[in-house]
Amino acid sequence: MLEGPTFGPLSTVAPPRRLVELIYLCPVHVQGAVTFCTFVGMEENIVLKALRTRRSVRHFKPEQITDEELKAVLDAGTWAPTGMGYQDPWIVAVQKPELIARLTKMNAAVWGRDIDPYYGAPTIVLVFASDPAVWANSVCDGTLVLGNMMNAAHAIGLGSCWINREREMFATPEGREIMAELGLPEGLIGVGALSLGYPSAPPRDPKPRKADYWRIIR
Ligand SMILES: Cc1cc2nc3c(=O)[nH]c(=O)nc-3n(C[C@H](O)[C@H](O)[C@H](O)COP(=O)(O)O)c2cc1C
């Protein structure tokens, strides 16, 4: 069991496959009843709540997250949908201080600012994907992987923030050298990164959603 800060205990154990298949075979109203009993309405739905309440975290404790937490986040990334189901992206979690220092320097250099763009997070998760000239869905695929991981991190009480400039960093000779050291195939691009760790300060309040964000046409 993993403990979520807002949502209570979250089971990491998937329901038995046979049970899931049986529910799928039920008439829609039975499926609805199962969903209702499980989540007691949309407002209480733990997944929807997690999606609503995730915020970018930019202050981290130096303490490292557990392996169980890290693997739960990485695993969530692997379940993101990908174009044609190709599972094109590559995920690399970095906890090695020397490599984090190197990435920090490279990212700050691309940004042209003398600050830590990863906010001192003890774990940095890098997402790579094919060159879009080779696989047109690569950036979309990698973005969904990052999104899944951010939401998963929040659901288990971790803080995360998408960090940019990976595309430029890994297009440099030093970036390509690092990708080779990481054992990645040639020709990938950096899609984005996550700073990951235990939050040490509350995140910023979210901006209100713009009024015309979505519409329904019937
Ligand atoms: C594509 C993308 C790039 C981002 N790059 C950065 C970044 O480099 N540094 C940073 O602090 N936040 C970055 N963010 C986080 C956004 O600033 C943040 O998601 C936005 O302000 C909304 O806040 P929220 O995530 O708390 O809802 C990025 C987010 C996305 C989706």
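Q: What makes β5 and strand β6 (residues 188-197) a pair?
A: They are joined by 5 bridges and run antiparallel; two strands pair if DSSP finds at least two bridges between them, so β5 and β6 qualify. Ile163 has Ala193 as its bridge partner in β6. Strands are DSSP runs of E, at least two residues long, and helices are runs of H or I, at least four, both numbered from the N terminus. The model is predicted: local features need pLDDT of at least 70 and side-chain atom pairs pLDDT 80 or more, while totals for chains, interfaces and linings use all residues. Residues are numbered from 1 along each chain as its sequence is written.

Q: Why is strand β5 (residues 159-163) called largely enclosed?
A: Because 4 of its 5 residues are buried, the rest of the structure largely encloses it. Buried means 20 or more other C-beta atoms within 10 Å of the residue's own, C-beta atoms being placed from the backbone; exposed means 12 or fewer, and partly exposed lies in between.

Q: Which residues surround the ligand?
A: Arg55, Ser56, Arg58, Cys161, Trp162, Ile163, Asn164, Pro203 and Pro206 do, each with its C-beta atom within 6 Å.

Q: What makes Ala153 stand out in the largest nonpolar core?
A: Ala153 is among the residues that touch the most other members of this 37-residue core. Such a core is a set of buried Ala, Val, Leu, Ile, Met, Phe, Trp, Tyr and Cys residues joined through C-beta atoms within 7 Å. The largest share, 7 residues, comes from α6.
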